[in-house]
Amino acid sequence: QINSEEMSEHAVKLRIFLCRTLGEFYINEGLPVLITAATTERDPKEVVVRRTALEAIAVLADNTDPDLLLENPKLLPALQKAARERTSGSEKEDVRGELRARAAFTLGVLGGQKALDELELLSEDGYPNARYNAAIGLARNGDVRAGPVLVEMLDPDETDVVAGEEEETAIAWKRALVMINALESVERLAALNTDADLTKVEDSVALLEKAELDPLIERRVHTEACEVRARLSQR
């Protein structure tokens, strides 16, 4: 399908479907073509195929063995390529931003020193979703470099968290999603790196536990923050 170079709506949707399907297998024979899909862009329509291929590689890594996938010498360069792309011309910021965000998530699932070093760079990305996925990926691997961005994600007044959202309900749920993901990441980081100094992160969790939030999300976030703080206190 990639070699056909077809750019019709049907052809692009089919490539998206095939990428998702290859990610669901428990064997890694589909990795080479997913790498090709993640790096092929002859038309702006293929950006969504690239994003889907990156997501599929993350799922495949969960289903198989990340170390085996990393034996493919083309994988890490493909992810680095996506992680370093920037918006150009008349493109909307989120076109390349979401590509970097998907790359960040996949790097976090794969792990390894080179992937984590790339995530450190992404943790300073100007696009919030890329930055947040980088922090989640670092925390997933017990890397304390996640700390500063996790603090940002836990801040109830951080405007970047809800950037691009306009409706009040959407703003509330986006903030809740980011906070819950951050809380889960804090707990994972603490469990994997028992010697880490997480004072600033723990202070943010404590503040969040009593923060004034939208009534739609307040109870859930407060409850999660309370539970995480209690478990952190047992370290």
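Trainee: Buried means under 20% relative accessible area, and exposed means over 50%. Taking that cut-off, is Asp-125 buried or exposed?

Mentor: Buried. This is a predicted model, and in it Asp-125 has a relative accessible area of 5%, so it falls under the cut-off.

Trainee: Which residue does the side chain of Asp-125 meet in a salt bridge?

Mentor: Arg-100. The N to O distance in that salt bridge is 2.6 Å. The two partners come from distant parts of the chain, 25 residues apart. Asp-125 sits in the loop between α7 (113-122) and α8, while Arg-100 belongs to helix α6.

Trainee: And Arg-100, buried or exposed?

Mentor: Buried. Arg-100 has a relative accessibility of 5%.

Trainee: Let's take Arg-50. How many Å separate the closest N and O atoms of Arg-50 and Glu-85?

Mentor: They are 2.6 Å apart, and the pair forms a salt bridge. Arg-50 is in helix α3 (residues 47-63) and Glu-85 is in the loop between α5 (75-83) and α6, so the bridge ties together parts 35 residues apart in sequence.

Trainee: Where do Arg-50 and Glu-85 fall on accessibility?

Mentor: Arg-50 is at 1% relative accessibility and counts as buried. Glu-85 is buried too, with a relative accessible area of 14%.

Trainee: What about Arg-140? Which side chain does it meet in a salt bridge?

Mentor: Asp-62, at 3.3 Å from N to O. Arg-140 lies in helix α8 and Asp-62 in helix α3, so this pair ties together parts that are 78 residues apart in sequence.

Trainee: Is Asp-62 buried or exposed?

Mentor: Exposed. Its relative accessible area is 52%. Arg-140 counts as partly exposed, at 27%.

Trainee: New topic: pockets. What volume does the largest pocket have?

Mentor: About 310 Å³. The lining has 15 residues, and Asn-133, Ile-136, Met-153, Asn-181 and Ser-185 lie nearest the centre.

Trainee: Which element gives the most to that lining of the largest pocket?

Mentor: α10, with seven residues. Helices α8 (128-140) and α10 (168-192) each supply at least two.

Trainee: How does the lining of the largest pocket divide into nonpolar, polar and charged?

Mentor: Seven residues are nonpolar, four are polar and four are charged.

Trainee: How much space lies in the second largest pocket?

Mentor: About 190 Å³. Its lining includes Glu-93, Asp-94, Tyr-127, Pro-128, Asn-129 and Lys-174. Two or more lining residues come from α6 (93-110), and α8 also gives two or more.

Trainee: Last one. Where is the place of Glu-46?

Mentor: Glu-46 is in the loop between α2 (31-39) and α3. Its relative accessible area is 2%, which makes it buried.

Trainee: What is Glu-46 in contact with, leaving aside neighbours within four places in sequence?

Mentor: Met-7, Arg-15, Thr-40 and Glu-41. Glu-41 also belongs to the salt-bridge network with Arg-50 and Glu-85.

How values were computed:
Residues are numbered from 1 along each chain as its sequence is written. This is a predicted model: local features need pLDDT of at least 70, side-chain atom pairs count only at pLDDT 80 or more; totals for chains, interfaces and linings use all residues. Side-chain values use heavy atoms; hydrogens and water are left out. On a 1 Å grid over the protein atoms alone, a cavity is a set of points where a 1.4 Å probe fits but cannot get out, and a pocket is an open set with protein on both sides within 12 Å along at least five of seven lines; lining residues have an atom within 4 Å of a point. Grid points are joined across faces, edges and corners, and a volume is the space filled by probe spheres set on the points. Helices (H or I, at least four residues) and strands (E, at least two) are DSSP runs, numbered from the N terminus. Ala, Val, Leu, Ile, Met, Phe, Trp, Tyr, Cys and Pro count as nonpolar, Asp, Glu, Lys and Arg as charged, and the others, Gly among them, as polar. A salt bridge is a side-chain nitrogen of Lys or Arg within 4 Å of a carboxyl oxygen of Asp or Glu. Buried means under 20% relative accessible area, exposed over 50%, partly exposed in between (1.4 Å probe, protein chains only). Contact means heavy atoms within 4.5 Å.
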